[in-house]
Amino acid sequence: MNEDVKILDGGLATELEADGFQIQGDPLWSARILQSNPQAIIDVHSRYLCSGADIITTATYQATVEGFMKHLELNVQQAVEVIQSGVTLAKKAVEKFSLSCKSKGRRPPQVAGSIGPYGVFLHDGSEYNGNYVDTITLEELKAWHRHQMQCLVTAGVDIIAMETIPSQKEAEALVGLLREFPNTKAWLSFSCKDERLTCHGEPFEEAVKLSAKSEQLVAIGINCSSPELISPLLTSAERSKHPSIDWIVYPNSGESWDVNSGWQVCSSKRSLASLAMEWKQMGATWIGTGMGYKKHGHKHGTGLGHGKDGDKHGTGLGHGKG
């Protein structure tokens, strides 16, 4: 058994779209389904658990009090309850899975409370470049994220997932905010535009160096970026990462975002299974993809399985009893 690697779930929105929900273009993205069809959220979490995920991420990436008040016409308390329901639904899926025979020999799954960048609320594609940080202060960013983080911590998540962060400045704000919740652990993952820079343009190495000062971070890394960028980015920042902090990586399949036409498909040249093994050898211990179970195949194409042979996909990252 390889107990070092924690397998992350895949894309929640991808799965919901495969189930027939209209997610693309919705200002609340998959967070709307928290209110309209909570059972669908549980079903997606359950599929990921059964397919091998050790960590499932709440449907709260775009769940904010302000967003729910604007787009669902909720009051503050109602919006808070919907955000916290994301944790409740994830916990229900974990509880159901833990009682099943499929959980035998597996580590207890954890629930990660997802927090996306400020740009997701703006609904203008700016979460993919982070340009909004040029006109907003650190304290304003902290104030924006505070309510959501408070909701997730109060609801009892195992860990906070600060993900798809496009800039060093927003990462600094989130890490600073995390200190207000001293008993809470978190991971921080950046979105990057090339082999060296975050989407906003700071050297990934510098962003890691600044963030790694936090004693509450268990992992730092990259998500929602092309798989081919991961290894060069990890290499560039290896000296900046504190030894007590792990690497976390969960890229997309190589697609890019266009504000006018949405996601543009550009498949990875190498298999995710081979890349996942490479990332593991580079020290990544939290590994997944941002893709879905149905759309991209069983165990979301990484070969990070929990099969009985311990490694039914040939990557060496299995968690099976064999």
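The chain in this predicted model has a mean pLDDT of 87, and 84% of its residues reach 70 or more; pLDDT is the predictor's confidence in each residue, from 0 to 100. Over residues 293–301 the pLDDT is below 50, yet this stretch has 34 contacts in the model beyond near neighbours in sequence, a contact being heavy atoms within 4.5 Å. Residues 306–322 also have a pLDDT below 50, with 57 such contacts.

Residues are numbered from 1 along each chain as its sequence is written. Local features need pLDDT of at least 70 and side-chain atom pairs count only at pLDDT 80 or more, while totals for chains, interfaces and linings use all residues, and side-chain values use heavy atoms, with hydrogens and water left out.

Begin with the sheet. Strands (E, at least two residues) and helices (H or I, at least four) are DSSP runs, numbered from the N terminus. Eight strands form an open sheet in the order S1-S10-S7-S6-S5-S4-S3-S2, with parallel pairing; two strands pair if DSSP finds at least two bridges between them. S1 and strand S2 (55–57) each have a single partner strand and stand at the edges, so one side of each is left without a neighbour in the sheet.

Strand S10 (residues 284–287) is joined to strand S1 (residues 6–7) by two bridges. Here Lys6 stands opposite Trp286, and Ile7 has Ile287 as its bridge partner. Three bridges join S10 to strand S7 (residues 246–250), again running parallel, and Trp247 stands opposite Ala284.

Next come the helices. Two packed helices are described by the angle between their axes and the distance between the axes. Axes are lines fitted to C-alpha atoms, for helices over the stretch in contact, and angles run from 0 to 180 degrees between N-to-C directions. Helix H10 (residues 227–237) and helix H11 (residues 272–281) pack at about 10°, with axes 10 Å apart. H10 and H11 are therefore roughly parallel to each other, a term for angles under 35 degrees. In this contact, Pro227, Ile230 and Ser231 of H10 meet Leu272, Leu275, Glu278 and Trp279 of H11.

Finally, consider the aromatic rings. Rings of Phe, Tyr and Trp (its six-membered ring) pair if their centres lie within 6.5 Å, and the count comes to seven aromatic pairs. The rings of Phe190 and Phe204 have centres 5.9 Å apart and planes at 90°, so the pair is edge-to-face, the term for planes over 60 degrees apart. Phe190 lies in strand S5 (residues 186–190) and Phe204 in helix H9 (residues 204–211), 14 residues apart.

Methods: Angles under 35 degrees count as roughly parallel, over 145 as roughly antiparallel, 65 to 115 as roughly perpendicular and the rest as oblique. Rings of Phe, Tyr and Trp (its six-membered ring) pair if their centres lie within 6.5 Å; planes under 30 degrees apart count as stacked, over 60 as edge-to-face and the rest as tilted.
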